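This report covers selected features of one protein chain. Please read it beside the sequence and the structure shown here.

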Amino acid sequence: MRRSASLQTLLFYGLSGPIIALNVGLLSVLFSYFKHPITILSIAAILAFLLNYPVKFFERARITRTQAVIIVLLVTLTLVVILGITLVPIVIDQTIQLLNKIPDWLTASQANLEQLEEFAKRRRLPFLDLRVLSNQINASIQNIVQQLASSVVGVAGILVSGLLNLVLVVVLAFYMLLYGDRVWYGLINLLPSHIGIPLTVSLQLNFQRFFLSQLLLGLFMIVTLTPIFIGMKIPFALLFAILIGLSELIPFIGATLGISLVTLLVMLQNGWLAVQVALAAIFMQQIKDNLLAPKLLGDFIGLNPIWIFVSILMGFEIAGLLGTLVAVPIAGTIKGTFDAIKNNKGGNFVSTVTIPHEPPEDQRN
């Protein structure tokens, strides 16, 4: 009997790896075929999750859900238009200027490296011949710059495509806010209540709070670093601050990657200035991680850091950048659901969220 149980356990763990790898490969293939619609649906769902907070706020003011959704979407679109008129042209202009400056910075960095090697030779100091590596890095950076510069030629087509995608996202988010509960509850009612209720609560907890927290943390980095960079007279201060802030959307490792990239770009021009940039950005990152993030994020995901990195890598392998953005909340949702089922806490969720078999009255009309 023990031998049979141990054999079943061995088979279970032995087959789990290949099955997981097969499913990851299958998901990657499916995403490559349906990349555009999945991306649009995912962005619309994330937007609907975020906008559900202000919608509920208006509902508490005795406004119907349809009216609340329309008000929130109109306010959101107004803010997007204001940002598009004021901020986006500045960012585009600084991006173009940066692309034009990078070749000159590469030339200057090569000259500085040669002077450093000459200094080491005169002082008979040990040094490494970094010119070959530097030439390879410079060639790679120039290749990337040329690709980005060539893509600017089709900027009109990119803008038109982006506007169409934006319209699709807004329309889908509108209908998700109105009828998303009906569709979700219809699917959840197919599952047993001890699974459906924890899954619903865990999904709301991880996705809503996670993405809202990441946006607020990214906004904090942009708002604080922009005046700091301007005061330090760093070129393209706004662009670099936005780059670090947007990288915050990539969970846990994004801010570090953004700071490293900005530091590398500034280092091409001025090494000491790059050190100041790194110190200022790391200082603000520590404030964010130690003071703001614990209050916003807390421990609601409850994932081991190793599993966080594994989920990010798997998400990137399956769906690229979109996969890295949603990997952690999906992993947190799965863990929270299984923990609730394992601990028999399904009953604790009933008082928080109930799953109706019929949509609310204002959604029937």
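I282 is partly exposed, with a relative accessible area of 39%. On this scale, buried means under 20% relative accessible area, exposed means over 50%, and partly exposed lies in between, using a 1.4 Å probe and protein chains only. I282 belongs to helix α9, which covers residues 271-296. Helices (H or I, at least four residues) and strands (E, at least two) are DSSP runs, numbered from the N terminus. Between I282 and S260 there are 22 residues of sequence separation and a C-alpha to C-alpha distance of 9.9 Å.

## Basis of the model

This is a predicted model, in which local features need pLDDT of at least 70 and side-chain atom pairs count only at pLDDT 80 or more, while totals for chains, interfaces and linings use all residues. Residues are numbered from 1 along each chain as its sequence is written, and side-chain values use heavy atoms, with hydrogens and water left out.

## The chain as a whole

The protein chain contains twelve helices and zero strands. Of its 365 residues, 33% are buried. Taking contacts (heavy atoms within 4.5 Å) between residues at least 6 apart in sequence, 72% join residues at least 24 apart.

## Salt bridges

Side chains of opposite charge can pair when their charged atoms come close. A salt bridge is counted when a side-chain nitrogen of Lys or Arg lies within 4 Å of a carboxyl oxygen of Asp or Glu. The structure has three of these salt bridges. One of them pairs E59 with R65, with 3.1 Å between the closest N and O atoms. E59 is partly exposed at 29% relative accessibility, whereas R65 is buried at 7%.

K288 forms a salt bridge with E248, the closest N and O atoms being 3.2 Å apart. This pair links distant parts of the chain, as K288 is in helix α9 and E248 is in the loop between α7 and α8 (254-267), 40 residues apart. K288 is buried, with a relative accessible area of 2%, and E248 is also buried, at 6%. K288 forms another salt bridge with D289, where the closest N and O atoms are 2.5 Å apart. D289 counts as partly exposed at 32% relative accessibility. Through shared partners, the salt bridges join E248, K288 and D289 into one network.

## Packing of α6 on α7

How do the axes of helix α6 and helix α7 cross? The axes of α6 (residues 193-231) and α7 (residues 237-247) come within 8 Å and cross at roughly 155 degrees. Axes are lines fitted to C-alpha atoms, for helices over the stretch in contact, and angles run from 0 to 180 degrees between N-to-C directions. The crossing angle therefore makes α6 roughly antiparallel to α7; angles under 35 degrees count as roughly parallel, over 145 as roughly antiparallel, 65 to 115 as roughly perpendicular and the rest as oblique.

On the α6 side, the contact is made by G218, M221, I222, L225, T226, F229 and I230, and on the α7 side by A237, L238, F240, A241, I242, I244 and G245. These residues comprise eleven nonpolar, three polar and no charged. Ala, Val, Leu, Ile, Met, Phe, Trp, Tyr, Cys and Pro count as nonpolar, Asp, Glu, Lys and Arg as charged, and the others, Gly among them, as polar.
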